[in-house]
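Subject: The structure I promised you

Hi,

Have a look first, then read my notes below.

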There are 2 protein chains.
Amino acid sequence: MVTNLDDGTFDFCETLTDAQDALAREMLERASAKWPLRVMHILAEAKGPLRFSRVLERVEGISQKVLTQTLRTLESDGLVTRTLYPQVPPRVEYELTPLGGELLVEVVTLWQWIANRLPDFEAARVKAPRAEATSKS
Amino acid sequence: MVTNLDDGTFDFCETLTDAQDALAREMLERASAKWPLRVMHILAEAKGPLRFSRVLERVEGISQKVLTQTLRTLESDGLVTRTLYPQVPPRVEYELTPLGGELLVEVVTLWQWIANRLPDFEAARVKAPRAEATSKS
DNA sequence: CCGAATCCAATTGGATACTG
DNA sequence: CAGTATCCAATTGGATTCGG
């Protein structure tokens, strides 16, 4: 749908169906969202499987319900694996898939680009204290 | 805060304050969100200023209220300029800033990466309905 | 231990009406 | 034309309780 050119402008082509385009947008939004990003981050840091409780501890501020939902979505998107060990008490481990790891690398690249331009964004916010919009954290 | 290495793993360093890190995360989330991305997209396509009404027409499915909010946020983040021409009836034009254009390039890069991996994501979604995970060992 | 279920507060977004 | 204001429906997230 979109190609960015060397000169910083764009070229728009129609190689994706609407459904594919919508799916790509959705994945982009999900992967950049607050909780999924932080969860993938934690799992990447761990460099191995983590139990539910460990993830809950390390993702500061998340509730158990939201973590469960986040992990379910990540799992159904193929970014995280969920492994149940049928013990008593049960043990469940989550791990980043190769696909999830690759996606995280890409997202982090964008994140770093933004971090490098932080002075610009900070300056903009000082200059235009208009809408201190949609921030929760 | 995070550096991705050649081998696909990560290295975590502490060059940003918590506040800066939070800001970068917030910008990442905003720029990847549904409406802001589509609005920036439209403005980039236009390759010049667009009136409010034109943007409203071209961003399919957005309401006037949400478009106003979205543009306010983009403006206060320095991604879009708002120019008011004090006429009757008033005319207001929005245009992508250089910073906004650069950010869009980066986001589109990620978007394209995702689009290239769409088969993987589609496959994951088909496979994942509610299969009870099998133990690995 | 994991997480589903329930209840509830807060936020979001659409539709409509109104103003400079 | 480009909003702001208001009302309302839908969604989201926290806290708590219960169950395998």
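In what order do the elements of chain A run from the N terminus on? The order is β-β-α-α-β-α-α-β-β-α-α, which comes to 6 helices and 5 strands. Please keep in mind that this is a predicted model.

**Where the two chains meet**

Chain A puts 66 residues into the contact, and chain B puts in 65. Between them the two chains bury about 6300 Å², with 65% of that on carbon and sulfur atoms.

Two packed helices are described by the angle between their axes and the distance between the axes. On the α6(A) side, the residues making the contact are Leu118(A), Phe121(A), Glu122(A) and Arg125(A). On the α1(B) side they are Gln20(B), Leu23(B), Ala24(B), Glu26(B), Met27(B) and Arg30(B). Sorted by class, that gives 5 nonpolar, 1 polar and 4 charged residues.

Is Leu28(A) buried or exposed? Its relative accessibility is 0%, so Leu28(A) counts as buried. You will find Leu28(A) in helix α1 of chain A, residues 18-32. Now show chain B as well: Leu28(A) touches Ser32(B), Leu37(B), Val107(B), Leu110(B), Trp111(B) and Ile114(B). Within chain A, Leu28(A) and Val107(A) are 79 residues apart in sequence, yet their C-alpha atoms are 8.8 Å apart in space.

**Salt bridges**

How many salt bridges are there over all chains? The count comes to 14, and 2 salt bridges lie across the interface of chain B and chain A.

- Glu102(B) and Arg117(A) meet through their side chains, at 2.5 Å from N to O. This pair crosses between chains, from helix α5 (residues 98-116) of chain B to the loop between α5 and α6 of chain A. With a relative accessibility of 33%, Glu102(B) counts as partly exposed.
- Arg117(B) and Glu102(A) also form a salt bridge, at 2.5 Å from N to O.
- Asp120(B) pairs with Arg117(B), and their closest N and O atoms are 2.8 Å apart. Asp120(B) is partly exposed, at 32% relative accessible area.
- Arg91(B) pairs with Glu93(B), the closest N and O atoms being 3.3 Å apart. Why does Glu93(B) count as buried? Its relative accessibility is 13%, and the cut-off for buried is under 20%.

There is also a network, in which salt bridges with shared partners join Glu26(A), Arg30(A) and Asp77(A).

Which residues does a cis peptide bond join in chain A? They are Val88(A) and Pro89(A), with omega at about -5°. Pro89(A) lies in the loop between β4 (80-85) and β5 (91-96) of chain A. In chain B, the bond from Val88(B) to Pro89(B) is cis, with omega near -5°, and Pro89(B) lies in the loop between β4 and β5 of chain B.

The other thing to look up is a lysine. Lys47(A) is not a glycine, but it has a positive phi of about 55°. Look for Lys47(A) in the loop between α2 (34-46) and β3 (50-51) of chain A. At 60% relative accessibility, Lys47(A) counts as exposed. In chain B, Lys47(B) has a positive phi of about 50°, and its place is the loop between α2 and β3 of chain B. Lys47(B) counts as exposed too, at 62% relative accessibility.

Note on methods:
Residues are numbered from 1 along each chain as its sequence is written. Chains are lettered from A and ligands numbered from 1 in the order in which they are written. This is a predicted model: local features need pLDDT of at least 70, side-chain atom pairs count only at pLDDT 80 or more; totals for chains, interfaces and linings use all residues. Side-chain values use heavy atoms; hydrogens and water are left out. Contact means heavy atoms within 4.5 Å. Helices (H or I, at least four residues) and strands (E, at least two) are DSSP runs, numbered from the N terminus. Ala, Val, Leu, Ile, Met, Phe, Trp, Tyr, Cys and Pro count as nonpolar, Asp, Glu, Lys and Arg as charged, and the others, Gly among them, as polar. Buried means under 20% relative accessible area, exposed over 50%, partly exposed in between (1.4 Å probe, protein chains only). Buried area is the accessible area (1.4 Å probe) that two parts lose on being put together, summed over both. A salt bridge is a side-chain nitrogen of Lys or Arg within 4 Å of a carboxyl oxygen of Asp or Glu. Lists of a residue's contacts leave out its neighbours within four places in sequence.
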